[in-house]
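The following note sets out several points on the model under review. It begins with confidence and then turns to the packing of individual elements.

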Amino acid sequence: MFDISPIYFGQRKELTWIGLMTMAIILCSLLVCFFYLRTEVILRQDVGYNRDRDAFATKLQQVTSQIFFFKRNLKLLAQNDELSLPLIKPTPESRQITNYHLDLARDILEADVCYLLNRSGTVVASSNRNSPHSFIGKNYAFRPYFKNAIGGSPAMYAALGITSHKMGIYLSQPMYGHQGKEVIGVIVIKLTADQFTPELSAANNQVIMSMVTPEGMIFFSTYKKYEQSWLWQPRHEMVTALEKSRKYGSGPWPWIGLTKISDNEALDSKQNHFYLLSSAINYLPGWRLVLLDSKRHLSVSFIEVLRDSNNKLIVITILLAIWGMAIALYLFTRREIIRRYVNTGELRKLSAAITHSPVSVVITDCAGKITYVNPKCEEVTGYSAQEMLGQNPRILNAGVQSKNFYAEIWQTLLSGRDWHGEMCNIRKDGAKFWETVSISPIFDQRHEITSFVAVKEDITEQKRIHEALIESEKHLQKILATANEGFWFLDNDAKTVEINEALCLILARTPAEILGRSIFDFVDDDNRKILTEQLARRQRGETGVYEMALDRPDKTSVTCLFNATPFTDERGQKVGSFALVTDITELKRITEDLKEAKETAEQANQAKSVFLASMSHELRTPMNSIIGFSQLLYTDGENPLTNQQKAHIQKVLQAGDHLLQLINGVLDLARIESGGIEMAIEPVCMAAVIRESIDLISPMAASRNIEIQYVMPDESIFAAADHTRLRQVILNLLSNAVKYNKPEGGIVSLSCQRRGSVLRLVVADTGLGIAADKIDSLFAPFDRLGAENSAVEGTGIGLTITKQLVELMGGSIGAESEIGRGTNFFIELPLAECSVAPGNNCRPPVKTQYCEITGDYTLLYVEDNPSNRELLAAVLGHSANLKLLTAKNGREGIELAVAHKPDLILMDLNLPDIDGFETLQRLAELQETKDIPVIALSGNAMPVEIKRALRAGFCGYITKPFNISELYRVIGSILNDKTKKSC
């Protein structure tokens with residue numbers, strides 16, 4: 001602790017003076033009272049006068065000391081290098097460190113707020129950053145305290161806070177860069193009444209003590225009603241000027257009615273006497289501390305007494321002079337004692353503050369020996385005060401700094417200047433730690449250095465965090481520098497702030513050609529709209545991925561994919577946006593090539609479909625005549641054929657049927673490959689579809705002496721499949737098992753069973769079998785595995801179609817075979833649930849329905865091929881009740897239809913003048929023919945053409961070559977239905 005005994009010793013000397021002055025005052029007071037009573041004039045002795053004057057002087061000293069305390073500590077605070085980090089390199093980490101120091105300074109100084117401004121006057125860090133009245137982002141360049149400090153001069157300035165709406169005194173201090181020459185910012189603390197109210201308060205609540213500005217405004221007062229009021233009425237032009245300069249905010253303010261201050265007394269407008277003392281405040285130029293008491297007033301009759309007592313004038317004057325001198329000596333002595341007492345109190349407060357300080361304090365003598373350490377220093381270093389007293393601070397030297405470092409410190413201190421910096425020291429246990437150190441020389445009255453005071457703060461953890469942040473930033477910079485994607489950071493004005501090497505390569509520019517420039521400088525007019533829209537989305541806080549072309553210096557452009565994200569600071573304020581930029585020029589080119597290739601493939605596929613449709617039509621047209629006339633010859637009852645002729649015709653029909661199967665197979669394969677087959681997946685009763693398949697294959701098996709063995713599955717077993725396509729698959733497998741069985745006869749077996757969630761169907765034969773190395777080729781198109789040299793007819797694509805149909809239904813197919821033992825084909829399909837009761841869920845076998853044509857009808861056949869016209873005439877010629885008209889093109893057909901109004905029209909779609917679709921449309925537009933049903937009779941068997949014809953209005957579609965029975969069935973059903981409607 002500090003030794004204050006000399007102060008008490010000095011105080012004892014003053015006691016003698018107090019005793020002598022007290023006796024002189026008593027003597028003079030008795031003499032004055034004698035004359036006072038003799039002249040019968042009551043002179044009030046205001047006992048409170050001396051007490052109030054002494055309290056006033058004490059408070060003035062306290063206020064002055066308080067302001068000096070703030071100015072001194074603000075100067076020390078401005079020399080902290082860590083506070084200037086956001087001014088040199090504004091990063092979230094530097095702001096975090098600065099905010100920590102500002103919070104610490106605010107708590108130590110008990111200030112209202114501490115904040116930091118950059119060179120433009122914008123607040124970049126503040127201790128009230130989390131308050132609704134935060135200063136962050138505010139610009140105070142217009143404030144005099146900023147203008148003075150940015151010019152290198154500290155300033156004090158009073159104003160009504162525009163942001164916080166609180167009156168305060170602002171103390172500013174310039175902050176210098178590392179070299180200490182250039183002002184890079186300003187640090188400010190704001191003081192409010194909370195800092196001065198304890199110093200202004202008086203024991204007597206009747207006394208009003210206030211701080212008054214040079215313009216006469218009561219800034220702080222113990223009587224709160226007077227605050228922000230004028231002590232005397234100001235001139236209007238002065239108020240206007242203060243409002244314009246925003247010095248005190250908006251006005252006008254009330255005034256308490258006093259005339260302008262004189263040295264000791266002021267009068268109000270009603271001439272009431274106010275007791276008033278005022279004195280200038282050190283460190284606040286033009287400011288005054290004012291004591292005002294409206295309860296007591298000075299007597300004005302005392303002077304009249306002196307004038308009325310001529311015989312006693314000289315004596316009274318001498319006595320009054322003695323009395324005044326005694327009072328002056330007493331007040332001077334008392335003020336000196338009070339000053340020393342106050343200083344003693346300040347020392348006690350300072351000692352308590354240092355003892356409980358959260359930072360280390362070390363005091364040395366001028367030779368560098370430690371004379372005092374506070375408890376915090378003992379805690380940080382691990383040494384006790386007894387161990388450190390008398391030692392040199394080098395006992396803490398960790399050996400990290402060089403000798404020149406310490407030599408520079410001593411040179412600075414011995415020249416009378418303060419030193420600020422960081423040191424790496426060592427604890428008693430050998431652990432190293434970092435401190436920020438501020439060392440100041442202490443001078444005596446002769447301005448000679450008597451000691452040094454070091455204030456130190458342990459920043460080991462902050463140092464570790466700072467180094468970790470720097471390392472993290474380096475790591476991030478390395479990632480950005482080596483990334484393949486470009487990195488582009490923009491501020492809120494779309495100006496480039498940061499980039500990486502990959503972006504320079506994308507734009508084919510140097511960093512100097514990109515940094516600081518707007519992103520709009522790198523896009524053309526076509527992409528400007530895209531960029532404007534995307535930046536607006538970032539402003540709204542949205543992320544986005546978009547494509548945009550960027551310009552290069554060689555007048556070329558590069559297409560890029562932007563993955564953009566808005567960027568906000570720690571307060572959630574948007575400060576810019578960044579994007580990862582990927583060059584997709586080559587990808588776009590490949591995509592365009594793929595698109596072009598796809599279009600080419602689609603055109604080729606379409607050409608293939610057109611070709612297949614054309615070939616189907618061209619092949620079916622002659623097949624229609626071959627099969628049709630062969631059927632007529634074979635069934636002709638009037639001119640029957642011989643058995644040999646029938647055998648020949650039978651071979652023609654078999655060859656035609658084989659060729660027709662080949663055409664249908666090729667078309668099915670093409671439709672599957674192009675995705676033209678649509679599956680109607682539904683629960684299918686396996687018992688029903690197996691029964692249908694066996695009924696259809698039984699005649700073929702019987703003709704080859706093949707026995708079909710099967711066990712009909714339970715009718716509750718359902719497969720998820722297309723009913724028609726599943727029957728086609730089973731028929732194809734059964735047909736192959738029959739055709740490729742033993743020539744002398746054999747067995748085909750069919751079984752069906754559940755296997756977990758799938759259904760397995762097996763078709764086995766007793767044929768010659770297939771070699772194991774040829775099993776994989778079973779499902780290849782047009783590969784018959786040597787069977788093409790046998791007597792068995794086949795196309796080589798049946799199993800290919802079967803496999804693809806099974807897979808389209810979500811199933812699988814396979815085969816197992818052994819030479820001489822036969823082959824097993826199996827398919828697996830998903831099981832399906834069906835709520836239909838057993839016995840009612842199976843479809844009946846498909847049977848051909850034949851209609852008997854009753855009544856006389858006229859039919860019109862529009863066909864350009866003479867053979868087809870002749871064939872249909874021969875087919876219908878056996879029915880005496882059917883009359884046939886023929887036309888060789890569309891126009892002729894329309895004329896005959898208008899003239900004869902036939903009951904039914906059969907029409908080819910490929911006509912030489914106008915096709916069948918247009919012919920149908922013209923017939924529908926004519927009143928005479930709009931109700932005549934029209935059947936399409938065409939060699940085009942493509943499903944898309946059949947659907948198109950039915951949508952166009954054809955009431956039926958028969959493909960060539962047609963089956964005579966099927967032809968009669970369709971014609972009969974339409975004519976009989978027409979007859980029923982007419983009835």
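1. Overall confidence. The protein chain has a mean pLDDT of 77, with 73% of its residues reaching 70 or more. The model is a predicted one, and the points below should be read accordingly. Among the elements of the chain, strand β32 (residues 904-907) has the highest mean pLDDT, 92, while helix α8 (residues 302-308) has the lowest, 37.

2. The five-stranded sheet. An open sheet is formed by 5 strands in the order β14-β13-β17-β16-β15, with antiparallel pairing. Its edge strands, each pairing on one side only, are β14 (370-373) and β15 (419-426). On average, neighbouring strands of this sheet are turned by 30° against each other, direction ignored.

3. Strands β16 (residues 432-443) and β17 (residues 449-458) run antiparallel and are joined by 9 bridges. S438 stands opposite V455 of β17. Helix α12 (residues 403-414) packs on the sheet and touches β15, β16 and β17; the direction of α12 makes about 140° with that of β15.

4. Helices α18 and α19. Helix α18 (residues 686-703) packs against helix α19 (residues 723-739) at an angle of about 35°, the axes lying 9 Å apart. Their crossing is right-handed. From α18 the contact includes M686, V689, I690 and L696, and from α19 it includes L726, I730, L731 and L734. By class, the contact of α18 with α19 comprises 12 nonpolar, 3 polar and 3 charged residues.

5. Helices α22 and α23. The axes of helix α22 (residues 890-900) and helix α23 (residues 916-925) come within 10 Å and cross at roughly 25°. Angles under 35 degrees count as roughly parallel, and α22 and α23 are therefore roughly parallel to each other. The crossing of α22 past α23 is right-handed. G890, R891, I894 and A897 of α22 make the contact with T919, R922 and L923 of α23. The residues of this contact divide into 3 nonpolar, 2 polar and 2 charged.

Definitions and conventions
Residues numbered from 1 in each chain as written. Predicted model: local features only at pLDDT ≥ 70, side-chain atom pairs only at ≥ 80, totals over all residues. Heavy atoms only, no water. Axes fitted to C-alpha atoms, helices over the stretch in contact; angles between N-to-C directions. Helix = DSSP H or I, 4+ residues; strand = E, 2+ residues; numbered from the N terminus. Parallel < 35°, antiparallel > 145°, perpendicular 65-115°, else oblique. Left-handed = near helix turned anticlockwise from the far one by under 90°. Contact = heavy atoms within 4.5 Å. Nonpolar A, V, L, I, M, F, W, Y, C, P; charged D, E, K, R; others polar. Pairing = 2+ DSSP bridges. pLDDT = per-residue confidence, 0-100.
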